[in-house]
Every structure is written in C-alpha cells, then in structure tokens.
Amino acid sequence: MPFYLHQWVYKDATVRDMVVQPQNREDIVRVASEAFKGRLLHFYLSFGEYDGVCISEFPDNQTAMAFLMLVLGQGAVERIKTTPLMSQEEARGAMEQAHEVLTRS
C-alpha cells in the first residue's frame, strides 16, 4: 500500500479545546484511518510551521483523498499538506525507468 506524509495546522479553537480538555489526538486519527482500510504508522505533534505530522498508508490515492476530505470536513484543522512517499525499491524502479528512456535517445 502507498505511504503518505501528512502535515497539518490545527485551528485555534481546536488548540484551545485540547488545553481545556486534554485528549489523545492520535487515537482519533487512527480510528479515521482504519475506517478507510488504512493504517496510521507514526503520529507526532511538532513545533514550527505545522502542529502535527503523521505517516499513514492507504490502499490507493483515492482512498487517501477520501480520508483527507473526512478529516478536513470535521473542522478541527486549518490545512493539511500531504506528500506521497516512495520506498527505496520504488525509487530505484523510477531511476531505472528514467535510465531506459535516457539511453533510447
């Protein structure tokens, strides 16, 4: 299954809610991922441009997008940046494919 890096920014009201009533946000994301037959692999809160980062896997891009639409629709996050990830094997295959096209010229 493809892997994805998600980075997000919480809305101010969400941060306020987490301070007023501390909660495990990782569990919320895990349950949502599993509803789409995905898997949450890593979850972290972070400093800087993004409030959180996680790595997940989903069966395909369409399913990953459906998950993101659900998350954004809940209204807790301001924005999410998602980056598809490739294994070293997949990257090597891409290099070999590019090499084949290069050497045909």
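User: Which residues form one aromatic cluster?
Analyst: The model is a predicted one. Five aromatic pairs are counted in it. One aromatic cluster consists of Tyr4, Phe36, Phe58 and Phe67.

User: Is the aromatic pair of Tyr4 and Phe58 stacked, edge-to-face or tilted?
Analyst: The ring centres of Tyr4 and Phe58 are 6.2 Å apart, with 55 degrees between the planes. Planes under 30 degrees apart count as stacked and those over 60 as edge-to-face, the rest being tilted. The pair of Tyr4 and Phe58 is therefore tilted.

User: How many residues apart in sequence are the parts that the pair of Tyr4 and Phe58 ties together?
Analyst: Tyr4 belongs to strand β1 (residues 3-10), whereas Phe58 sits in the loop between β3 and α3 (61-73). Both Tyr4 and Phe58 are buried. Because of these locations, the parts tied together are apart in sequence by 54 residues.

User: Which strands hold Trp8 and Phe43?
Analyst: The rings of Trp8 and Phe43 form a tilted pair, with centres 5.3 Å apart and planes at 35 degrees. Trp8 and Phe43 are each buried. The pair ties together parts 35 residues apart in sequence, because Trp8 lies in strand β1 and Phe43 in strand β2.

User: What is the bridge partner of His42 in β3?
Analyst: Strand β2 (residues 39-45) runs antiparallel to strand β3 (residues 52-57), and six bridges join them. In β3, His42 has as its bridge partner Ile55.

User: Is Val15 buried, partly exposed or exposed?
Analyst: Val15 belongs to helix α1 (residues 12-20). Its relative accessible area is 35%. Buried requires under 20% and exposed over 50%, so Val15 is partly exposed.

Key. Residues are numbered from 1 along each chain as its sequence is written. This is a predicted model: local features need pLDDT of at least 70, side-chain atom pairs count only at pLDDT 80 or more; totals for chains, interfaces and linings use all residues. Side-chain values use heavy atoms; hydrogens and water are left out. Two strands pair if DSSP finds at least two bridges between them. Helices (H or I, at least four residues) and strands (E, at least two) are DSSP runs, numbered from the N terminus. Buried means under 20% relative accessible area, exposed over 50%, partly exposed in between (1.4 Å probe, protein chains only). Rings of Phe, Tyr and Trp (its six-membered ring) pair if their centres lie within 6.5 Å; planes under 30 degrees apart count as stacked, over 60 as edge-to-face and the rest as tilted.
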